[in-house]
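Hi,

Here is the structure I promised to pass on. Have a look at it first, then read my notes below.

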Amino acid sequence: MPLYSARVLVSLRPSVLDPAGEATRAAASRLGVDGIRRLRVGKAVEVELEAADRQSAEDQLKLLSDRLLANPVIENWALELQDPT
């Protein structure tokens, strides 16, 4: 069965405050990195998944992302799926 590699990028919705992003932006300023107008913190989840075909892999990863990796009330997610090598 083919092995698919994927990355799920999870980020807060634009309307949700990001205290971690604000703290990181403030710390960057204290380090002398100026000019950062906006900084938001998210997460990247890397997954290797065996599936019969690309569509099956994508369907399983969408379910995983919607129900486990992201909180759909406050977060958005994007899927990067690579074909098996």
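**What I found**

The protein has 2 helices and 3 strands, and from the N terminus on they run β-α-β-α-β. Helices (H or I, at least four residues) and strands (E, at least two) are DSSP runs, numbered from the N terminus. The radius of gyration is 17 Å, well over the 12 Å that the globule rule gives for 85 residues, so the protein is more spread out than a compact globule. That radius is taken over C-alpha atoms, and the globule rule is 2.2 Å times the number of residues to the power 0.38.

Before going on, two notes on the source. This is a predicted model: local features need pLDDT of at least 70, side-chain atom pairs count only at pLDDT 80 or more, and totals for chains, interfaces and linings use all residues. Residues are numbered from 1 along each chain as its sequence is written, and side-chain values use heavy atoms, with hydrogens and water left out.

As for the box, the C-alpha atoms fill roughly 50 × 30 × 15 Å along the principal axes. Of the 85 residues, 22% count as buried (under 20% relative accessible area; exposed is over 50%, partly exposed in between; 1.4 Å probe, protein chains only).

Now pick out valine 73. Where does valine 73 sit? Look in the loop between helix 2 (54-69) and strand 3 (75-82). Valine 73 counts as exposed because its relative accessibility is 67%.

Cheers
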